[in-house]
Amino acid sequence: MLVKEGSDIKSLEDLDGKTVAVQQGTTGQELAKEELGGSEIRPFPEGPDAVNALKAGTVEGVIIDAPVAQNAVEKSGGVEIAEKVPTEEEYGIAVAQGETELLEEINKGLEEVLDDGTYKKIYEKWFKLEPPKAIFSASHEAE
Amino acid sequence: MSEFFNQYFDFDFMGEHFDEVFDAFLKNLLIFVVAAAFALFLGLILALIRQLPGKKFAPLRFLTIAYIDVFRAIPILIVILLISGGIPYLEFIPKDIRIPHWFGQPDPYWYGVLGLTLVYSAYMAEVYRAGIEAVPGGQVEAARSLGMSHGQALRHVVVPQAVTKIPAPMLNELISLLKDTTLVSVVAFGEAALIAREIQAETFNASAYVLAGIMFLVITLPMARLVDKLIKRNQGRITRGSHIEVA
């Protein structure tokens with residue numbers, strides 16, 4: 001949850017009733033619809049458009065994926081992360097039905113980077129955090 | 001082939017989402033009505049200023065022509081993005097005007113109306129001008145020679161004739177304007193194109209787009225037929241009614 005630097009909106013509840021920008025078609029939009037019933041929700045085509053609206057002052061908060069938010073704080077400035085809302089989301093890689101060979105290769109590749117430390121390195125580079133332990137113990141099999 | 005119909009013409013689906021799309025379409029109409037009113041008015045002012053005769057008014061004429069040229073040249077989408085991306089930052093304008101929430105409509109609505117008004121007033125000014133210039137110069141000469149002043153000539157001879165030439169092309173501009181209201185979707189205003197897009201993203205079915213398109217058709221098709229009728233009626237008037245020929 002992004003707000004303008006110095007804003008007194010500190011939590012998701014504070015944002016209810018105020019205008020919120022989200023990126024069209026994202027889980028951020030769904031979260032906003034569920035949790036911010038009193039707010040006007042503005043779906044923008046791209047994440048940066050939503051952040052621009054926040055900086056311009058036409059909206060008071062942005063609900064967007066953490067990496068995008070982090071990037072906005074660092075690269076464009078003038079905004080800060082008010083609250084990190086845990087959504088228990090997981091990322092997935094989808095392939096067309098029937099692409100079993102491709103699916104096997106992807107899963108194999110994931111196993112490799114998880115085992116040899118590359119995943120940890122990449123994760124720490126971009127998120128500046130340790131990857132959650134659950135990643136390494138989760139099953140690698142998919143249907 | 002049935003895949004095609006399911007994807008685009010799923011009538012049950014359209015029925016389920018009808019209210020949603022219709023409410024959004026009403027927003028397009030709301031943009032249209034307000035922008036059209038402003039643009040028709042502003043366009044007329046521009047056209048009249050452009051016609052002001054004499055060296056005294058040359059700077060005004062120049063400014064007006066410059067405005068019309070510029071706003072006919074820049075894509076409407078860019079105009080709207082410029083407005084919504086820039087005006088909120090102009091801190092010297094008071095916040096209530098910079099980020100308007102007038103009459104219950106949010107700021108993207110007003111940015112869209114402003115953008116459409118600025119651009120369409122330019123096109124409409126040209127329609128007015130074409131109407132005025134289509135009246136043969138001999139009419140003014142004849143009127144003056146009958147003793148009328150320039151103003152009287154305009155009022156009693158030129159304008160009534162010009163007015164017959166304006167409705168048809170102006171209706172074309174209005175049809176264009178109605179369709180261009182969908183551009184306001186780019187500033188996150190919940191009009192029909194945006195809502196149809198959201199429905200498609202959630203359901204992976206494109207019938208909402210078709211439904212929105214049909215709603216536009218219902219309005220624009222009769223308008224287009226009306227244009228044809230007006231043009232035919234006007235031509236009849238010209239061939240039948242011109243008694244005033246300057247020898």
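The conversation that follows takes up the two chains, their contact, and several individual residues.

Modeller: One caution belongs at the start, namely that this is a predicted model.

Colleague: What makes up the secondary structure of chain B, helices or strands?

Modeller: Chain B has eleven helices and zero strands. As for contacts in chain B with a separation of 6 or more, 78% of them are accounted for by residues 24 or more positions apart.

Colleague: Why is L174(B) called buried?

Modeller: The cut-off for a buried residue is 20 or more other C-beta atoms within 10 Å, and L174(B) has 21 of them within that distance, so it is buried. This residue lies in helix α9 of chain B, residues 167-180, and, not counting residues up to four places away in sequence, L174(B) touches A36(B) and M223(B). The C-alpha atoms of L174(B) and F32(B) are separated by 8.4 Å, although the two residues are 142 apart along the chain.

Colleague: And why does I93(A) count as exposed?

Modeller: A residue is exposed if 12 or fewer other C-beta atoms lie within 10 Å, and I93(A) has 11 such neighbours, so it counts as exposed. I93(A) lies in the loop between β5 (79-81) and α5 (100-115) of chain A.

Colleague: How is chain A laid out along its sequence?

Modeller: Chain A has seven helices and five strands, and read along the sequence these follow the pattern β-α-β-α-β-α-β-α-β-α-α-α. The chain is divided into domain 1 (2-81) and domain 2 (100-137), whose C-alpha centres lie 29 Å apart. Of the 143 residues of chain A, 24% count as buried, and residues 24 or more positions apart account for 53% of the contacts in chain A with a separation of 6 or more.

Colleague: What makes α3(A) largely enclosed by the rest of the structure?

Modeller: Seven of the ten residues of α3(A) are buried, so the helix is largely enclosed by the rest of the structure. The buried residues in α3(A) are G47(A), D49(A), A50(A), V51(A), N52(A), A53(A) and L54(A). Just after α3(A), G57(A) takes a positive phi of about 95°.

Colleague: How do you know that both faces of strand β2 of chain A are covered?

Modeller: In β2 (residues 20-23) of chain A, V20(A) and V22(A) are buried on one side, and A21(A) and Q23(A) are buried on the other. In a regular strand the side chains alternate between the two faces of the sheet. Strand β2(A) pairs with β3(A) in the parallel sense over four bridges, and A21(A) stands opposite R42(A) in β3(A).

Colleague: Which residues does A21(A) contact, leaving aside neighbours within four places in sequence?

Modeller: A21(A) is in contact with R42(A), F44(A), A50(A), A53(A), L54(A), V59(A), V62(A) and A188(B). In the largest nonpolar core, which has 73 residues, A21(A) joins L2(A), V62(A) and V21(B) in touching the most other members. The largest share of this core, 14 residues, comes from helix α6 (residues 107-134) of chain B.

Colleague: How many residues does each chain bring to the contact between chain A and chain B?

Modeller: Chain A gives twelve residues and chain B gives eleven. On the side of chain A that touches chain B, β3 (41-44) and α3 (47-56) each supply at least two residues, and the largest share, three residues, comes from β3(A). The residues on that side of chain A divide into five nonpolar, five polar and two charged.

Methods:
Residues numbered from 1 in each chain as written. Chains lettered and ligands numbered in written order. Predicted model: local features only at pLDDT ≥ 70, side-chain atom pairs only at ≥ 80, totals over all residues. Domains from an automatic or database assignment. Contact = placed C-beta atoms within 7 Å. Nonpolar A, V, L, I, M, F, W, Y, C, P; charged D, E, K, R; others polar. Core = buried A, V, L, I, M, F, W, Y, C linked by C-beta atoms within 7 Å. Pairing = 2+ DSSP bridges.
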